[in-house]
Amino acid sequence: MNRKSLRYTLKQGFIGLLHICTHELKQVFKDQGVLIFFLLVPLAYPLIYAFIYTNEVVRDVPAAVVDLSNSSQSREFIRLVDASADVKIQSYCADMEEAKTLLKKTKVYGVIYIPEDFSKNLAEGKQSTVSLYCDMSGMLYYKSLLLSCTNTSLTVNKQIQIERAGNTTERQDELTTAPIEYEDVSLFNPQDGFASFLIPAVLMLIIQQTLLLGVGMSAGTAREHNRFHDLIPQTRHYQGTLRVIMGKASAYLLIYLMVSAYILCLVPKMFNLVQIALPWTLLAFIFPYLLSCIFFAMTCSVLIKHREACLVVYVFTSVPLLFISGISWPGAAIPGFWKAFSYIFPSTFGINGFVRINSMGATLQEVLPEYRALWLQTGFYFITTFLTFRHQITLSRRHALERLYVFRLRKLAAKRLKG
Amino acid sequence: MSLQTWKRLRTIAKREVFRIATQPIYLFSIIVAPIFCFVFFSTLMEKGLPTDMPAGVVDLDNTATTRNIIRNLDAFQHIRITASYASISEARRAMQKGEIYSFYYIPEGTTEKALANRQPKVSFYINYSYLIAGSLLYKDERTMSELASAAVGQATLLAKGATEAQAMAFLQPIVIETHALNNPWLNYSVYLCNTLFPGILMLLIFLTTIYTLGTELKENTAKEWMQMADNSITTALFGKFLPQTAIFFLIAVFYNVYLYGFLHYPCNSGIFPMLLAGLLLVIASQAFGIFLFGLFENLRLALSAASLWGVISFSISGFTYPVMAMHPTLQGLSVLFPLRHYFLIYVNQALNGYPVTYAWQPIVSLLIFTLLPFCVLKKLRTAMLHFVYLP
C-alpha cells in the first residue's frame, strides 16, 4: 500500500487513536490517584452535598419574646408566630436585657418585642408596633423570622379589621380585608429549598473540576514517568497530534458519559430534587459540555509539572467558579468584567444551561446561547489543545533526536577508540 | 531552648524560604491565589444587595390603574421591569430562557372588579431556582400587592370621611418594625466575604502544608531535612513551618485590614481580636494539614482528604445554610471543621461585638486543632527518615 495515500494515513490514524484510547483507559484504571477523581469524587461528593442540604429549608428558628403588654392580643400574636413552621418561641423573657443575653449565648436568633402600649393602642384604634430584632449571622434566620412575623401580622390585622368593620356577611369581610387578592406562585422549586437551588449547579461543577484534576494528574504522572519530563511519549502510535488528542479525549469521554449519567440523572432522583429535564435535550446539551470540559482540562494540563500539583492549583477554584456562574449570586448583579471573565470556563454555560433544562424544563431552543457557547468553547479549546500538544510533541521529538545524536556520537567515539 | 536548636531552626527556616521563593507553585498557593480570591469576591458582590433584577409583567387588563401598579413595582429597589408579555406561557418561556427571574400577572378585568368591589386576584410567579434573586423579588412583589390592596381600601375609607391616620390604623393595625442587628443594609457581601476569605485561606493552607511535607519525601530531601534538625521532628517541623506561618498570617492581616479598614464592614470588636482569630486559624489549619499528612503518609491521599475537608467546610460551617437545619449527624460532625469555629468567633466578635467569654467553645476548639500534630509526630518521624515516595 502506498504509504502516502489518504487511506493509509486514515487507517494508521484510526489504529493509533484506538491504541491511545485503550492505553489511556488502562492508565486511568491503573492509577489510584486519577481513579479517585474520575470515580470516587463524582460518586461521593454529590451524595455529601445532597445530604448536607437535604432538609431544604430552615424550620423552627429559635426566638425569644419580650411581651411587656401581656394582653390577650399580644399572647395571640405570639401563639401565631410560634405556630408557624419557620419560628419556634424558645423563651419568654422579662426584659430586653435577658433576651440580649440569650442572643449572646446563641440560644436564640431573634427577639420579638411587644411594647407596653400594644393592646392599648389597638383598643384606641391607633397603630401598634411590634419590633423584631434579628441576629444577622445567617440570612436564612432573618428570612424565616421576618416572614413569620409579617404573615402573623397580616393575619391578625385581618381579624382586627373584621371586628372593627362590623360587617354582616362573610363576603363583606373578605372585601374589607382584601379588596384585591393576591397569590404567589413558586415556580421550579416548589418548597423554595436550598438543595433544589444549589445542588444542580454543584453537580455540573463537579464534572468540570474532577476532569481538570484527573486529566491534570495523569499529565503530571506522564511527565514524571518520562525520562525527559515530556508530556507525550515518543513511540510509534504517538505520531500525529490529532490522534493523540482524539485518543485521549475519547477515553475521557467514555468514562464521563457514565459518570454524568450517574451525577445528573441518578443523584437528583435519589434525593427527590426537581428533575423535569427532557432526556434528549439533556443528552444533546451534556455532549458539548463534556467535550469542552475535556479539551479545557487538556489545555490546562500542560501547566501541571508534578502529579500532585494539580490539587494545589485547581481545588480552590471551585468556590469562585460556583459564585461566578450566576446561580448563588444572581447573574444580573455580576459586574461586567467578571461576567466576561466567567466566559472562559465551560462551567458557566454548563451550569446555567443545566439548571434551566433540569429544574425549569427548558428545551434546547431556550438554552441556545449556552449551547452555542459550549460548542464554541469546544472548538476553541480543541485548537488550544492541538497547539499546546503539538508543541509538546515537537519538544519530545527534539529530546529524542538529541538522545539519538548523543548515542551516535558515543558509538562513533567508541568505534574510533577501538580503531 | 539551647543555642544549637536555635541555629538549626534558623538554617531550616532559611532553606524553607529559599524553597518557597524558587518554586512558582508556592508563590501561587501562598500569595497569588488567596489575594485573587479576596479581590474577586469583594468586587463580585460590590453592590452588597443585588438591585434592579429583571422581572416581567403580563398585564392583560392594561388600564391606568394597572399601569400605575407596574410603574410602582418598577420603582422598588430590587425590581426592574424589563419586558411585558402577552401571555403567561410567553413569560414562562422568557423565564426558561433566563431573561427574567419573576413575572407579575394582572388578569383582564382587574380594575373593573376592584372598582365594583368584586375582589379581583393578581398573582406573581417567582423562579426559586435562583434563591437569592427569588427571595428578594418575592419581598418586593408581595409588598406591592399589599399596597395595591391597601390603596383601594384607603380610597374607600377616605371617601367615607376617615382621616389618613385613621385609615392607616384601620388598614394596618399592627406594624412590624424590623431591626437587622449589625447588618442593617442586609449586605450579602458582609455576610459571605467574612467567612469566604478565611475559608479560602484555610483550604490553601491545608494544601500547601501537605504539599510541602510530601515533596520532601518525593524529592528525596527528607533525610537531609531531618539531619539539619538533628533528627528531631519537632525542630524540623517548627523550622519548616514558621516562615509559612508568618506569610500566611500576613495574608490574614491583609484580608482583615481589607475587610474592616478598607471596605468598612462591621467590626464591633475592634480589629485586634479578629487578627488573633486569624492567627489562630492559620496555625490550626497548618496543624490540621500536618495531622492529615501524618495520618495518611501519602501525599496524594492526604491532599485529596484535605481538599474534601476544605471544600466541605464552606457548606458545613453554616454561614449560608445554617447548621441547625442539617441532619443531626452533620451537626455533630461540623465541630471537626476549623472554619466552623472561626465563623462562630467572627459572629461573636466582629459582627456582634459580644464579650469574648461567650465564644470560649470555638476558641478552645481551634486551640485543640493546633495540638493535633502531636498525635502523629512519631509516625511522621519514621516516615521522613525511612519511607520512600509512593505515587
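1. Basis of the model. The structure is a predicted model, in which local features need pLDDT of at least 70, side-chain atom pairs count only at pLDDT 80 or more, and totals for chains, interfaces and linings use all residues. Residues are numbered from 1 along each chain as its sequence is written, while chains are lettered from A and ligands numbered from 1 in the order in which they are written.

2. Overall form of chain A. The chain holds 15 helices and five strands, these being DSSP runs numbered from the N terminus (helices: H or I, at least four residues; strands: E, at least two). Its radius of gyration is 32 Å, well over the 22 Å given by the globule rule for 419 residues, so chain A is more spread out than a compact globule. The radius is taken over C-alpha atoms, and the rule is 2.2 Å times the number of residues to the power 0.38. The C-alpha trace of chain A spans about 120 × 45 × 35 Å along its principal axes.

3. Domains of chain A. Domain 1 comprises 2-53 + 193-409 and domain 2 comprises 61-177; such bounds come from an automatic or database domain assignment. The C-alpha centres of the two domains lie 53 Å apart.

4. Burial and contact order. Of the 419 residues in chain A, 47% are buried. A residue is buried if 20 or more other C-beta atoms lie within 10 Å of its own, exposed if 12 or fewer, and partly exposed in between, with C-beta atoms placed from the backbone. Among contacts in chain A between residues at least 6 apart in sequence, 79% join residues at least 24 apart; a contact requires C-beta atoms, placed from the backbone, within 7 Å.

5. Five strands form an open sheet of mixed pairing in the order E2(A)-E1(A)-E3(A)-E4(A)-E5(B), where pairing requires at least two DSSP bridges between two strands. Strand E2 (87-93) of chain A and strand E5 (174-181) of chain B are at the edges, each with a single partner strand, so one side of each has no neighbour in the sheet. The twist averages 25° from one strand to the next. Helix H3 (residues 72-83) of chain A lies across E1, E2, E3 and E4 of chain A, at about 140° to E2(A). Axes are lines fitted to C-alpha atoms, for helices over the stretch in contact, and angles run from 0 to 180 degrees between N-to-C directions.

6. Strand pairing between chains. Strand E4 (residues 128-135) of chain A runs parallel to E5(B), joined by eight bridges, and A:Tyr133 stands opposite B:His179. Strand E5 (residues 181-187) of chain A pairs with E4(B), also in the parallel sense, over seven bridges; here A:Leu187 stands opposite B:Asn127.

7. Interface. In total, 90 residues of chain A are in contact with 93 residues of chain B. Helix H6 (residues 139-165) of chain A gives the largest share of the chain A side, 14 residues. That side has 52 nonpolar, 22 polar and 16 charged residues (Ala, Val, Leu, Ile, Met, Phe, Trp, Tyr, Cys and Pro count as nonpolar, Asp, Glu, Lys and Arg as charged, and the others, Gly among them, as polar).

8. Backbone points to check. Most residues other than glycine have a negative phi. B:Asp52, although not a glycine, has a positive phi of about 50°; B:Asp52 sits in the loop between helix H2 (24-44) and strand E1 (53-59) of chain B. B:Gln119 likewise has a positive phi of about 50° and lies in the loop between helix H5 (110-115) and strand E4 (121-127) of chain B.

Definitions and conventions:
Contact = placed C-beta atoms within 7 Å.
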